[in-house]
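These are my notebook entries on one protein model. I kept them in the order in which I looked things up.

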Amino acid sequence: MLGSDKRMSGMDESLRPEKSRITIFNEPINCQFCSNDVFTPYEVIVNVEQPGIGVRHVRYVAICQYCGKAKHFGDPSYYDVEKDNYIWALNQSLLSIKKYKIKIIFFVGKRKQEKVTIFLNSLIQILRQK
């Protein structure tokens, strides 16, 4: 089931390269080709000055998960001097991955039923932890 798993907002870390929905100032990023809104973002570091100066700027390329078209964007977050507050522009809502339940069936005879029951109980405990 796809749905909001984790919302990353107001964080000073890069966007995660995972399937997600991304907003800039609460406006969703949509693909210009297919209008889909599910992307996988990748960080790109750009040399904004002449080569060798060492001034770098972080930009993003997000790949549409429906058609594969790339969307380029930056982070327009800024510090508001008047309010003495940092305004975060990028929000990322990670989408959960479908989880599957595994059903294991054993056909057991009447002999050594106790050992099989102990094994099955320990297997169920291990699978529940994951």
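The entries below go from the overall fold to single residues.

**Basis.** I worked from a predicted model, in which local features need pLDDT of at least 70 and side-chain atom pairs count only at pLDDT 80 or more, while totals for chains, interfaces and linings use all residues. I numbered residues from 1 along each chain as its sequence is written, and side-chain values use heavy atoms, with hydrogens and water left out.

**Fold.** I found 1 helix and 9 strands (DSSP runs numbered from the N terminus: helices are H or I, at least four residues; strands are E, at least two). Along the sequence the pattern reads β-β-β-β-β-β-β-β-β-α. I then looked at contacts (heavy atoms within 4.5 Å): of those between residues at least 6 apart in sequence, 51% join residues at least 24 apart.

**Surface and burial.** The protein exposes about 10,500 Å², and carbon and sulfur atoms supply 53% of this area (Shrake-Rupley method, 1.4 Å probe; for residues, only the protein chains shown count as cover). Of the 130 residues, 21% are buried (buried is under 20% relative accessible area, exposed over 50%, partly exposed in between; 1.4 Å probe, protein chains only).

**Core.** The core has 10 residues: Leu-15, Ile-22, Ile-29, Cys-31, Phe-39, Tyr-60, Ala-62, Cys-64, Phe-73 and Leu-90. Strand S5 (residues 56-64) gives the largest share, 3 residues. In soluble globular proteins, nonpolar side chains tend to be buried together. I also listed the neighbours of Ala-62; leaving out residues up to four places away in sequence, they are Phe-39, Thr-40, Pro-41, Lys-69, Ala-70, Lys-71 and Phe-73.

**Asn-91.** I located Asn-91 in strand S9 (residues 90-95). Asn-91 is buried, at 6% relative accessible area. Its side chain makes a 3.4 Å polar contact with that of Asn-26.

**Trp-88.** I placed Trp-88 in the loop between strand S8 (85-87) and S9. Trp-88 counts as partly exposed because its relative accessibility is 33%.

**Pro-28.** I found Pro-28 in strand S3 (residues 27-28). Its relative accessibility is 46%, so Pro-28 counts as partly exposed. Neighbours within four places in sequence aside, Pro-28 contacts Ile-22 and Thr-23. I also noted 9.8 Å between the C-alpha atoms of Pro-28 and Gln-92, which are 64 residues apart along the chain.

Key. A nonpolar core is a set of buried Ala, Val, Leu, Ile, Met, Phe, Trp, Tyr and Cys residues joined through side-chain atoms within 4.5 Å. A polar contact is a pair of N or O atoms within 3.5 Å; within protein, one must be able to donate a hydrogen and the other to accept it, and residues adjacent in sequence count only if both atoms are side-chain atoms.
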